[in-house]
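User: I would like to go through this structure by way of questions, with the cut-offs stated as the terms come up.

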Amino acid sequence: MKQLGYGILIGISLVAPFVFPEFRTQLSFLWVMVIFALTWDILGGQMGYNSFGNVLFVGVGMYACAVVQRDMGLDYFSSLFIGVLVAGGLAVALALVVGNALLDLRGHYFAIGTLGLGVAAGEIAGGWDFIGAGSGMVPPLYPGPLDSRDLFFYFQLFAVAVVLFSTLRWLYGGRFGLALNAIRDDEDKAEALGIYTTRYKTAAWCLAALFLGVTGGLLGNVIGFIDPKDVAFAGSTFGVWMIIMVITGGKGTLWGPVLGAVVFHVTQELFWTFLFGWQRVALGLLIIAIAVLFPQGILGWVREHWPKDADTMGQAKSDSQR
Amino acid sequence: MSIPVLSNLNLLFDQPILLVDLVANGFMIGAIFALAAFGMALVWGVMNIINIAQGEFVMLGGFVTLFLMEAGMPAVISVPLAVAVLFIVGGGFYYLVIDRVVDRDMFSSVLATFGISILLSQLSNQFFGADVRTVDPGLGTWLLADGMVSLPWVKLIAFILTLVIGVGLWLFLKSSRLGQAIRATAQNPRAARVLGINTRRVYALTYSLNAALCGAAGGLVVMAWAIHPYMGLPYTVRSFMVVIVAGLGNLPGVVLAGLGLGAAENLAGFILGAEFQIAFVFCLMILVLVWRNMMLKRKRKYLK
Amino acid sequence: MSEILLSVRGATKSFGGVVANQDISLNVAAGEIVGLIGPNGSGKTTLFSSIVGYHPVDAGSIVFGDKEITHLRVPQIARLGLHRTFQQTRIFVGMSCVQNMQISAPLSQSKGPASLFAPFPVEATEKLEYLLAFVGLYEKRSLSGGELSFGQQKLLEFAMALMSESRLLLLDEPTAGINPTLIDYIVNRLRTANDEFGVTLLVIEHNMHVIMNLAQRIYCLAHGHKLAEGSPKDIQDNPKVIDAYLGAT
C-alpha cells in the first residue's frame, strides 16, 4: 500500500514535465520549494531551532557554483557538476564554522542571530567586486534548446528532492531523529542522558546546508541571473517562504513540509499574478494570519480532528520503528 | 578592497580631527538608536516579545514627520504628532495581532512581528515609493575646529532629547501608578492579574509606548539622516544589539551602548566604505551575541 | 563497606557571594542506598548539580569510580553512568514513552561521527519493554510523555535512567507531589532496582518516613554545611538534626 503510494507519486513526477510542457519551470520550482521546506523543518520543526537565515546556504551555493562555472574554463556540464559539488561543500564548511558558534544560542537569540546572518551575507555579496557586487552574476548559457534545458534542470531538482526526502525518512526513523526531537523538547535533559547535543545540532545544520547549497547551485542556473539580495540571499522571498511553507503544512512531520510547499507554491502561481505588485504586502498579511490563526499547520489540524489517520500519513517514525 | 581600507586608515592617522568628527557624529546618531532601544527593552522586558517590526515603526515615524513638514508644519509640531500617530498605530497592532500571540511560544511572536515588519515596509513601498527621503529642518550646522568638525544642530537636539526621554521614562516607570503597573506585570503577570491589574491593557499600553518612542526616533532620523521603506530591519537589529549589550532594565546602559554603537558604525562606514556599513551592523550583532553567549558558557549557562 | 563509587571531597560552591555548599564531603559505596536530607535551601540540589556537572564546584574534587569528574561536562559525566532525575520531572513531552526510552539507550561503542546516525540495537527493544513493564507503564507505552500524570512521568524518568545503564542515580525528591499509594509503589521500585540491577542510589527526600525506611545511610545538610551523617537511627536521634529542622540553630 505504502510502496504503491510512493510509486504513484514518483510516476506522476516523472511524466508531469512531458504532460504539461508549458509549466516545466513552475514544476522545477515546486521541487525547489519542497527542498526549502524539508531542510528548514530539520532544525525548525524537528529540533525546535527556528532559523531565519537558511537562505545563507542557498546564496553561498549559488555564487560558489557560478564562480566555478565562470573561472574553471571547462565545458558546461563538467563545470556545472563540479560547481554543484563545490556549492554543497562550501555550504557545509560554512555551516560547520558558523554553526559551532550560533547553535549554542537558544530561542530568540538563535532566531535573530540567523536573521542577521542572512542579511549580512546579502550585504557583503552586494559590495564584493569578485562576485559582481551589486550588479550580480550571470551563469553560462545552457548549450542546447530551451526545452531540453528545462527538462534537464527539472530532473536534477527532482532527484535532489527525492534523495533529501529519503535521507530524512531514514534519519527520522532512527536515533538521529529522536535526538533532534529530544533537543526540541528539553535540551538540558538530553545532555543529562549523555547525548552530545552540539554534535547533533551541528550535523543537522550541515545536512540542511548541504542540500540547500546544492539546490542553490542549480537554482542560479535555472533563474539565469544572480542578484545578491533578490535572488541569492533573498531573505524576504525564499527565506520567508521556507518558514511559511513548513508552518502551513505542519512543523516536525515528514509530509507536512512537502504538503505545505505544494499548497503554497500552487496558491502562489495561481493567485500571485493577480496581485499586481502587491504580492509582498500579501505575504506580510499571510505571515501574520498564519502566526495568529493557524500555527499548528494542515497536518497538525488533521491530527487534532482525526488523530489516527494523521499518524499513518504524518509520521514516518512510527512505521519504520515497528 | 583592501587598498581603500588602508588609505582610509591612513587618512584617519594623518587627520586625527577627522576621527573626532566621525565619533561625535556617531554619538549623535547613536542617541537615536538608544531611543528605539528603550522601546524594544520595554516590550521585551514586559511582554517577553522581541519586536521585529521595531525598525518599521521608526520608518513610519519618519514618514509622518516628513509629510507634515513638507506640508509646511514646523518640526516642533511634526515630531510630537508623529509620536501621537505611532502611539495609535502601536495600539492598533497590539489589539489586532500581538494580543493573540503574547501568551504563546516565542516562535509565534517572532513570526507575527516579522509579518508586521514585512507588511509595513511593503505598504510604505507601495504608497510612498522606494526613494530615499530626507527633510531639512533648517537649523544649520555647528562648526568647530575651523570647520573640521561639523555637528548639525538637529543631531545635537536629538541627542539631548534622547537623554530627556530616557530620564522621563525612568521617572514614569519608577513613580507613576501606570509605571508601577507595568513593572508589576513584567515581574509576574499572574500575580499582577490577581491584584486587579488589567494586564491586557498594560500590554497594549507598553506596545503603544514602544511605537511612540520609535516614532520619535523616526522623526529625528528623517531630519538628521534619511529614510526609505526598507530601512527597518537594520534599526531592529541595532535596537536588539543595544539591549543585549546593556541588559534588560538598564536604561543608562542602553544610552551608553547606543552611543558606542553609533560611533563604531560611523567609523566602520568610513573605513570599510559606506556600502559595507549595514553589513558591519549585522556582523557586529552576530559577534556580540556569540561573545555574550561564550562568556556565559564558561559558567555553563546560556543567554536567556 | 564495599568499593567506593562516588567520593565528594570538600565541595564548595557559591553564587554571587551566597555560599550554597561549604566544604562538603561524602562517600557512596557501590550498591548502597544513601539519603541526603536537610531543610529547604540547605544546598542539596546545588550539590547534585555540581556532581553531574551543571555548574563546576569552586573548590574541592569529585571522583566517580576511579575517574576524576570535577571538571567534566554534563554529557561526559552521564556517559560514565552517573545520572540524575529532576525535582520538576523532566522527560520529552512530545515523544512517546517508547521513544523516550529509545533515546535514553546508551550509544554503541563506536565513537566516530557515524555513531550519530546509528540504528537502534535490537536487544534495546526487549530491554526497554521490560523496563517499561518494570515501572508499570507498558500499557501506556505509545502515549506521549506529556499525556502522562505527574507520578507516571516520575516513573518514566526513573525508567529512562535505568535504560541508560546508570551505575549511580541521583534522585531529587522522587516522592514529592505524589499521592500516598503511588509513593509506596515508587519506594518499592527504587528498592527493587537497587536489588535486581545493582543501581546505587543517592536520594534527596523530604518525606522522613520514606527516607528512614529506604536509606542505609543518611547525610544531613544545613545552611550549606554538612551537619551530620550516620544510620537512619543515628540521624533521627541527633539533636543537631532535630534543631535544624525545627529552626533552632
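This is a predicted model: local features need pLDDT of at least 70, side-chain atom pairs count only at pLDDT 80 or more; totals for chains, interfaces and linings use all residues.

Analyst: Residues are numbered from 1 along each chain as its sequence is written, chains are lettered from A and ligands numbered from 1 in the order in which they are written, and side-chain values use heavy atoms, with hydrogens and water left out.

User: What is the area buried between chain A and chain B?

Analyst: Contact here means heavy atoms within 4.5 Å, and 38 residues of chain A are in contact with 41 residues of chain B. Buried area is the accessible area (1.4 Å probe) that two parts lose on being put together, summed over both. Carbon and sulfur atoms give 79% of the area between these two chains, which is about 3,800 Å².

User: Which element gives the largest share of the side of chain A that touches chain B?

Analyst: Helices are DSSP runs of H or I with at least four residues, strands are runs of E with at least two, and both are numbered from the N terminus. The elements that give two or more residues to this side of chain A are helix 4 (76-102), helix 5 (107-125), helix 11 (235-249) and helix 13 (279-293). The largest share, 12 residues, comes from helix 5 of chain A.

User: Which residue of chain A forms a salt bridge with B:Lys297?

Analyst: A salt bridge is a side-chain nitrogen of Lys or Arg within 4 Å of a carboxyl oxygen of Asp or Glu, and the rule finds one across the interface of chain A and chain B. The closest N and O atoms are 2.9 Å apart, and the partner of B:Lys297 is A:Asp104.

User: How many residues has the largest nonpolar core?

Analyst: A nonpolar core is a set of buried Ala, Val, Leu, Ile, Met, Phe, Trp, Tyr and Cys residues joined through side-chain atoms within 4.5 Å, where buried means under 20% relative accessible area, exposed over 50% and partly exposed in between (1.4 Å probe, protein chains only). A:Phe36, B:Met47 and B:Phe240 have the most contacts inside the largest core, whose size is 255 residues.

User: Why does C:Glu32 count as buried?

Analyst: C:Glu32 is in the loop between strand 2 (18-29) and strand 3 (33-37) of chain C. A polar atom of its side chain lies 2.8 Å from the backbone nitrogen of C:Ala29. C:Glu32 counts as buried because its relative accessibility is 8%.

Technical notes:
A polar contact is a pair of N or O atoms within 3.5 Å; within protein, one must be able to donate a hydrogen and the other to accept it, and residues adjacent in sequence count only if both atoms are side-chain atoms.
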